[in-house]
Amino acid sequence: MIVYELGWWYLDEESGKSDEQVIAVYSSEQLAQKAIERFKIQPRFIGHEEDFYISKYIINHEEWKDGYFCSDDLKGDM
């Protein structure tokens, strides 16, 4: 099963501050697109209507198969 996550991410380049929100998860990309139209008129998102994104995920499928690492993990490779 595939789902579509609707999110919003904004970065203020001058201050370096960012704001991120996972808004909802939908069963189709079309539903997520329709939701953008509803959410972009809300006060929090006005002026940043282009900062919405839709991510596609497969249920029960691992996205990070290789795991996480830190920059210190790479020191032995130098």
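Tutor: Let's start with burial: of the 78 residues of the chain, 21% count as buried. This is a predicted model, where local features need pLDDT of at least 70 and side-chain atom pairs count only at pLDDT 80 or more, while totals for chains, interfaces and linings use all residues. Residues are numbered from 1 along each chain as its sequence is written, and side-chain values use heavy atoms, with hydrogens and water left out.

Student: What makes a residue count as buried or exposed?

Tutor: Buried means under 20% relative accessible area, exposed means over 50%, and partly exposed is in between, using a 1.4 Å probe and protein chains only.

Student: Then why is Glu49 called partly exposed?

Tutor: Its relative accessibility is 29%, so Glu49 counts as partly exposed. Glu49 is found in the loop between helix 1 (29–39) and strand 3. The side chain of Glu49 also reaches the backbone nitrogen of Gly47, at 3.1 Å.

Student: What makes that a polar contact?

Tutor: A polar contact is a pair of N or O atoms within 3.5 Å; within protein, one must be able to donate a hydrogen and the other to accept it, and residues adjacent in sequence count only if both atoms are side-chain atoms. The Glu49 to Gly47 distance is 3.1 Å.

Student: How do you know what counts as a helix or a strand?

Tutor: Both are DSSP runs numbered from the N terminus: helices are H or I with at least four residues, strands are E with at least two. By that count there are 1 helix and 3 strands in the chain, and along the sequence they follow the pattern β-β-α-β.

Student: What makes strand 1 and strand 2 a pair?

Tutor: Two strands pair if DSSP finds at least two bridges between them. Here 8 bridges join strand 1 (residues 2–11) to strand 2 (residues 18–26), and the two run antiparallel. Leu11, for instance, stands opposite Ser18 in strand 2. Strand 1 is also joined to strand 3 by 7 bridges, again antiparallel, with Leu6 opposite Ile54 in strand 3.

Student: Why do strand 2 and strand 3 stand at the edges?

Tutor: The open sheet of 3 strands has the order 2-1-3. Strand 2 and strand 3 (52–58) each have a single partner strand, so one side of each is left without a neighbour in the sheet.

Student: What makes a group of residues a nonpolar core?

Tutor: It's a set of buried Ala, Val, Leu, Ile, Met, Phe, Trp, Tyr and Cys residues joined through side-chain atoms within 4.5 Å. The largest one here has 11 residues, including Tyr4, Trp8, Ala24 and Phe52. Its largest share, 4 residues, comes from helix 1.

Student: How do you know the buried residues of helix 1 are on the same side?

Tutor: Those residues are Ala32, Ala35, Ile36 and Phe39. They cover an arc of only 110 degrees around the axis, which puts them on the same side of helix 1; the arc is that of the directions from the helix axis to the C-beta atoms. The face turned away from that buried side carries the exposed residues Gln30 and Lys34.

Student: And what covers the buried residues of helix 1?

Tutor: The cover includes strand 1, strand 2 and strand 3. Contact means heavy atoms within 4.5 Å. Leaving aside its neighbours within four places in sequence, Ala24 is in contact with Tyr4, Glu5 and Leu6.
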